[in-house]
Amino acid sequence: MSSRPAPLIPPRVRAALVRVPFLVHVVRFVRRVLIARDRNLLITLIVLALVIGFLAAEVSNEWFSPSLLILVTLVGGLQLRLRSLIKLLVGVGVSLGYVAVNLGAGRVGLGLGVTILFTTVLAVLMARTRGVLGVQGLRGDAMLLELRDRLKSQGELPQLPKDWGAKVVLKQAGGSSFGGDFLVSRRDGDSVEIALVDVSGKGVDAGTRALLLSGTFGGLLGSVDDFLPACNAYLHRQHGDEGFVTAVHLRLDLATGDYTITSAGHPPVVKFDAGTGNWQVASAKGVVLGVVPDLHCEPDSGTLRKGDALLLFTDGLIEQPGRDIDAGLDRLLGEAERLLPSGFRDGARALVNAMASGHNDDCALVLIWRP
């Protein structure tokens, strides 16, 4: 049996594309440009390294210090392919050797040698990582920035009518742009759906999985009647041992204020009752996503009237080492009673800061109210 990989483009599609006027010439030109760019940069950097070594040995070791080779090596690590980088490193080594032979090894110095060696290892690791990813230059960083922006845009709530208010606060561990807590939402007429998801772990470690799941969950939201069971079925099919995922799903009717909450191992939603001035814990329950093949949720429903509010949050707000979750929930409700009456919009950020102080974890909060 042949072990050759399947072609990226099917043969029939390739045959059709070949017939497109000038398409083959355009593809070949782009390939030549990319290859030439790498080759021209390699030649430039090698010449620059050799010139620095020559000037340092023959003209002035102060004006043309061999330490400039560190910058040459670093630029090569950021821009060149691994094979080209190795050729550049040979040129840097020749330049350093020329300086050492003409001025003595003491002029190079142990500190400079160690620094160049460290920069060389760093450059090789960067080039190797980019080679595995199949990107060149700083394109990999640009891709991460695009993914971060996409995740942020998905975490924004849709525009609500004037007689409704909403606030989302996401705070990732360590100040990272990526984290394990994310939000997906959609609005169709007077119907709004919101899902707050918590992936196990924190910071960048959980951020990669959150990026993957945000696209999947965002596609399922509004496309299926039973959102959480559909998410559970997807995760259960993955057969992965990557930790747990909890989620809470809110379906809200903007015309009547009626809502339905379903939960899968997530901290409970709490409701502010303007009539009594108290916070009430919702009874929605469910198993963590991906554990059982068929997820059964016990929903909770009600109606938001004038002055009422719903608070959705992740366990980063109430869970701390050495503290019971119920105690954390009581503290959250106490802080909510203290901060939110002054204004839901301004109090949401203050509530997250008050609850997240003293520990480093991903935190997310969604507050919806009816003025």
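These legends describe close-up views of a predicted model.

**View 1**
Helix H4 covers residues 82–103, 22 residues in total. From first C-alpha to last, H4 reaches 31 Å, close to the 32 Å expected at 1.5 Å a residue. Its buried residues are Ser84, Leu85, Leu88, Leu89, Gly91, Val92, Ser95, Leu96 and Val99. These residues sit on the same side of H4, because they cover an arc of only 160° around the axis. Arg83, Lys87, Val90 and Val101 are exposed on the other side of H4.

**View 2. Packing of helix H3 against helix H4.**
Helix H3 spans residues 68–79. H3 and H4 pack at an angle of about 175°, and their axes lie 10 Å apart. H3 is therefore roughly antiparallel to H4. From H3, the contact uses Leu69, Val72, Thr73, Gly76 and Gly77. From H4, it uses Leu85, Leu88, Leu89, Val92, Ser95 and Leu96. Leu85, Leu88, Leu89, Val92, Ser95 and Leu96 are also listed among the buried residues of H4.

**View 3. Surroundings of Thr73.**
Thr73 lies in helix H3. Its relative accessible area is 0%, so Thr73 is buried. Leaving aside residues up to four places away in sequence, Thr73 touches Leu85, Leu89, Val92, Thr119, Thr120 and Ala123. Of these, Leu85, Leu89 and Val92 belong to the H4 side of the contact between H3 and H4.

**View 4. Helix H9 and its buried side.**
Helix H9 runs over residues 227–238 and has 12 residues. H9 reaches 17 Å from its first C-alpha to its last, close to the 16 Å expected at 1.5 Å a residue. Phe227, Leu228, Cys231, Asn232, Tyr234 and Leu235 are its buried residues. They share the same side of H9, because their arc around the axis is only 160°.

**View 5. The largest nonpolar core.**
This core holds 23 residues. Leu311, Phe313, Leu317, Leu365 and Leu367 touch the most other members. H11 supplies the largest share, six residues.

**View 6. Contacts of Leu311.**
Leu311 is one of the core residues that touch the most other members. Not counting residues up to four places away in sequence, Leu311 touches Val269, Val270, Trp279, Leu351, Leu365, Val366 and Leu367. Among these partners, Leu365 and Leu367 are also in the group that touches the most other core members.

Technical notes:
Residues are numbered from 1 along each chain as its sequence is written. This is a predicted model: local features need pLDDT of at least 70, side-chain atom pairs count only at pLDDT 80 or more; totals for chains, interfaces and linings use all residues. Side-chain values use heavy atoms; hydrogens and water are left out. Helices (H or I, at least four residues) and strands (E, at least two) are DSSP runs, numbered from the N terminus. The expected span of a helix is 1.5 Å times one less than its number of residues. Buried means under 20% relative accessible area, exposed over 50%, partly exposed in between (1.4 Å probe, protein chains only). The arc is that of the directions from the helix axis to the C-beta atoms. A nonpolar core is a set of buried Ala, Val, Leu, Ile, Met, Phe, Trp, Tyr and Cys residues joined through side-chain atoms within 4.5 Å. Contact means heavy atoms within 4.5 Å. Axes are lines fitted to C-alpha atoms, for helices over the stretch in contact, and angles run from 0 to 180 degrees between N-to-C directions. Angles under 35 degrees count as roughly parallel, over 145 as roughly antiparallel, 65 to 115 as roughly perpendicular and the rest as oblique.
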